[in-house]
Amino acid sequence: MTYCLGILVKEGLVLAADSRTNAGVDYISSYRKLFEFSKPGDRVILLCTSGNLSITQAVVHQLAQDIKRDRKPNLHSLPTLYDVARYLGEQIRALQETDRPWLEKDQIDFQCSFLLGGQVQGDAPELFLVYSQGNCIQATPETPFLQIGETKYGKPILDRTLGFDVPLDAVAKCALLSIDSTMRSNLSVGPPIHLVMYQAGSFEVRHRAQFQAGDPYLIKMRKHWEVALREASVTMPDISWNQGDLPSPLGIADLGNG
């Protein structure tokens, strides 16, 4: 399992991903899940992957080969990011279909999903979730983040802190908190964490970070968040107890009086 998220706000994009793909008592493997296929000055294209590792690696390899060999279409030739999302979906379906008989024979799950974020000249930044079936959905100002993988532990932070007008630096901190909270609750998500921040209209990625286990900033951020939560819980207004009676199951009151 893994956890990846993308966040779209007015100022740009943030994408983040952990690197753990398999966790057990005595075996942990890590593979990069965040990739860049940008063409500086023309487009920024960022991908996060989740699901069957052989399928996602094959898709990423195919995308790179199509650019290298100048096959049409490719990530650098398509006119819009939506067209890129559809092309990505086609590549997923094609590679799944090739491997499907052998994977199904051994009952191996071949599902996968991708986050696609970026900007193409002439359009605003966009963010898509491309499903294993090849179809996609798009982030909106009302729903500015998309997640793949182990999503449930990191979602509450996003729900409570994000909005389309939140500054990009604050969004990056929120993304990192979301992944750290997921790691705290689920061993199938783990470092290194890769984080990318993209400023709208710049057409190049200027901010990248990688956080290993024990990274000083990660530790500092975690302690700050935990202290802030404890202080918030202590200073929260007191409960207004209404002294109402709790309903008793049928027969309990009679047994007590017997």
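This is a predicted model: local features need pLDDT of at least 70, side-chain atom pairs count only at pLDDT 80 or more; totals for chains, interfaces and linings use all residues.
How many of the residues of strand S1 (residues 3-9) are buried? Seven of its seven residues are, and the strand is mostly covered. Residues are numbered from 1 along each chain as its sequence is written, and side-chain values use heavy atoms, with hydrogens and water left out.

**View 1. Strand S1 has buried residues on both of its sides.** Here, buried means under 20% relative accessible area, with exposed over 50% and partly exposed in between (1.4 Å probe, protein chains only). Strands (E, at least two residues) and helices (H or I, at least four) are DSSP runs, numbered from the N terminus. In a regular strand, side chains alternate between the two faces of the sheet. Look for Tyr3, Leu5, Ile7 and Val9 pointing one way, and Cys4, Gly6 and Leu8 pointing the other.

**View 2. S1 and S2 make a hairpin.** Two residues lie between these strands. Strand S2 covers residues 12-17 and pairs with S1 in the antiparallel sense over six bridges; two strands count as paired if DSSP finds at least two bridges between them.

**View 3. S1 belongs to an open sheet of five strands.** Their order is S10-S1-S2-S11-S12, with antiparallel pairing. At the edges are S10 and strand S12 (207-211), each pairing on one side only. The twist averages 10° from one strand to the next; axes are lines fitted to C-alpha atoms, for helices over the stretch in contact, and angles run from 0 to 180 degrees between N-to-C directions. Isoleucine 7 has phenylalanine 145 of S10 as its bridge partner, while leucine 15 stands opposite valine 196 in S11.

**View 4. Another open sheet runs in the order S5-S6-S7-S8-S9.** Its five strands pair in the antiparallel sense. Strand S5 (34-36) and strand S9 (136-138) stand at the edges with a single partner strand each, so one side of each has no neighbour in the sheet. Neighbouring strands here are turned by 20° against each other on average, direction ignored.

**View 5. Helix H2 (residues 81-105) packs on this sheet.** The helix touches S6, S7, strand S8 (126-130) and S9, where contact means heavy atoms within 4.5 Å. The direction of H2 makes about 155° with that of S7.
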